[in-house]
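Dear colleague,

I am passing on the structure below, and I would be grateful if you could look through it alongside these notes.

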Amino acid sequence: MKDLNCPKGHGPMALKELEKQTTFKGVDITYSADTFVCPECGIEAGTVKTAGNVQRAIADAYRSKMGLLTSHEIKSLRISHDLSQQQLADLINVGVASIKRWETGLIQSKSMDHVLRMQLQCRFDSDNYSGNRKISLPRIKLVAKQFEKLIGKRLLKIHDQFLFLAKYLWYADMLAFRQLGRGLTGATYAAIPYGPQLNNYKDLVKPIKASDELDVEPLSAEELRIIRQVAEKFPGEEAVYEAAHREKVWQEAATGSLIPYSCAYELTEI
Ligand SMILES: [Zn+2]
């Protein structure tokens, strides 16, 4: 960056990163900005370049505080999806100029933020092995408790490594993915010789049992309906175990391989 001289004649000023407070759109925010400071008298000055950076820093601090994607987040999410600015613009039906402005500081509306998140974060999560959701151990426990209530049996059993519970979870997650476009728990499932099982179940069984199921968003009416549908279809542990073993998607999967959620459409027992 070009040197700047003190307007009071003290010679070259030093570039410093300063933490600043301001009120922006009625919200108190803190941001940091590169600023020229005179070592002699302390007067501050900016260049056109730093002024642009300041505007962006303020806009991003505001966005963080308001729960909106920052310019940096929009850009890095877009790049992580291998999308050009034009491609992202086409996907969400805006002009490419909007993407460019959002990535340099203009604040997107709440509704455009929602559209951006749907496009960038959902795709981000939909790797097809977690059912469009981040894995939540408390939610696994919440769903498990619901099954326990409905079939009247203990399923959260450490000694059997959730052998039967895993099948109920699998069916419920797959069915939810099929009907709602999103699983219930975010769990990834693997094909093991005892049927579909939580991937890495050996590391998960105890943490799931120890998690606090009251700590997560409650099950929606639709999600509860899906759990009920699975429980009614398989009223006992043997029923769900045997049904899972009749599923081609498990039979044909290599031992240890992950079972994608797209298999939900190929289930034959429910
Ligand atoms: Zn000075």
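Three strands make up an open sheet in the order S1-S2-S3, with antiparallel pairing, where strands (E, at least two residues) and helices (H or I, at least four residues) are DSSP runs numbered from the N terminus, and two strands pair if DSSP finds at least two bridges between them. At the edges lie strand S1 (14-24) and strand S3 (44-45), each of which pairs on one side only. Strand S2 (residues 27-37) is joined to S3 by two bridges, and Phe-36 has Ala-45 in S3 as its bridge partner.

This is a predicted model, in which local features need pLDDT of at least 70 and side-chain atom pairs count only at pLDDT 80 or more, while totals for chains, interfaces and linings use all residues. Residues are numbered from 1 along each chain as its sequence is written, and side-chain values use heavy atoms, with hydrogens and water left out.

The zinc ion is coordinated by Cys-6 (SG), His-10 (ND1), Cys-38 (SG) and Cys-41 (SG), at 2.0 to 2.4 Å; donors are N, O and S atoms within 2.8 Å of the metal (3.2 Å for Na, K and Ca), and water is not among the atoms, so sites may look incomplete.

With kind regards
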